[in-house]
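Trainee: I would like to learn how to read the features of a helical model. Could you take me through one, step by step?

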Amino acid sequence: MRIAVLLAATITTGMMAGLFYAYSISVMPALREADAAVFTEVMQRINKAITNGWFFLCFAGAAVFSATATVLYAISGPAEVLVPTAIALVLYTGQLVLTAALHIPLNNALDAAGRTDPAATRRAFEPRWVPWNHVRTVLCLGAFVALCWTLTRV
């Protein structure tokens, strides 16, 4: 059971790292070239589309599976497996905090702004959202690497 949970944590964390990475290297650079109205509309559409069960499974699942794996290995498992699993949990939790404190409020404000002043909406959103997305990408990547390392130790 421990290995199955650890594998689920690794897969879901990797998927989240990939999602955030895709924003960093493709979605946001592509939108950087768009005018403010297009930028705002596309991000509003993405915010709506991404709120689905598959996203939630990975977004929340990575945390739940990582926490469960950490507990299971803390109860009965070698320290060489527990430590990187706990590191992954801390890193992924950091991403959750960042998302809850910054990205979700920015997404909500973008959605609430509608299309009345796309330039102002973009100015309030993009300069904060983009660089902090790079940070959560790195946090998820670090968690994924720690979990991959853990899988080599079981």
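**Reading rings, cores and pockets**

Mentor: Gladly! Let us begin with the rings: the structure holds four aromatic pairs. Keep in mind that this is a predicted model.

Trainee: How far apart are the ring centres of Phe-39 and Phe-125, and at what angle are their planes?

Mentor: Their centres are 6.0 Å apart and the planes meet at 65°, so this pair is edge-to-face; the cut-off for that label is over 60 degrees. The pair joins distant parts of the chain, with Phe-39 in helix α2 and Phe-125 in helix α5, 86 residues apart.

Trainee: Is Phe-39 buried or exposed?

Mentor: Phe-39 has a relative accessible area of 0%, so it is buried. Phe-125 also counts as buried, because its relative accessibility is 1%.

Trainee: On to cores. Which residues have the most contacts inside the largest nonpolar core?

Mentor: The general idea is that in soluble globular proteins, nonpolar side chains tend to be buried together. Here the largest nonpolar core has 19 residues, and those with the most contacts inside it are Leu-6, Met-16, Ala-88, Tyr-92, Cys-140 and Leu-147. Two or more residues come from each of α1 (2–32), α3 (53–75), α4 (79–113) and α5 (118–151). There is also a second, separate core of 14 residues, which includes Ala-34, Ile-46, Leu-98 and Val-130.

Trainee: What does Cys-140 touch, leaving out residues up to four places away in sequence?

Mentor: Cys-140 touches Thr-13, Met-16, Ala-17, Phe-20, Tyr-92 and Gln-95. Thr-13 sits in helix α1, and it is buried because its relative accessible area is 0%. Beyond its sequence neighbours up to four places away, Thr-13 has contacts that include Ala-62, Ser-66 and Phe-144.

Trainee: Finally, what is the volume of the largest pocket, and which residues lie nearest its centre?

Mentor: Rolling a probe the size of a water molecule over the atoms shows where empty space is left. The largest pocket has a volume of about 300 Å³. It is lined by 18 residues, with Asn-47, Ile-50, Phe-55, Ile-104 and Asn-107 nearest its centre. Helix α4 gives the most to the lining, six residues. By type, the lining divides into ten nonpolar, six polar and two charged residues.

How values were computed:
Residues numbered from 1 in each chain as written. Predicted model: local features only at pLDDT ≥ 70, side-chain atom pairs only at ≥ 80, totals over all residues. Heavy atoms only, no water. Core = buried A, V, L, I, M, F, W, Y, C linked by side-chain atoms within 4.5 Å. Buried < 20%, exposed > 50% of the residue type's maximum accessible area, 1.4 Å probe, protein only. Helix = DSSP H or I, 4+ residues; strand = E, 2+ residues; numbered from the N terminus. Contact = heavy atoms within 4.5 Å. 1 Å grid on protein atoms, 1.4 Å probe; cavity = no way out; pocket = protein on both sides within 12 Å on 5 of 7 lines; lining within 4 Å. Points joined across faces, edges and corners; volume = space filled by probe spheres on them. Nonpolar A, V, L, I, M, F, W, Y, C, P; charged D, E, K, R; others polar. Phe/Tyr/Trp six-rings, centres within 6.5 Å; stacked < 30°, edge-to-face > 60°.
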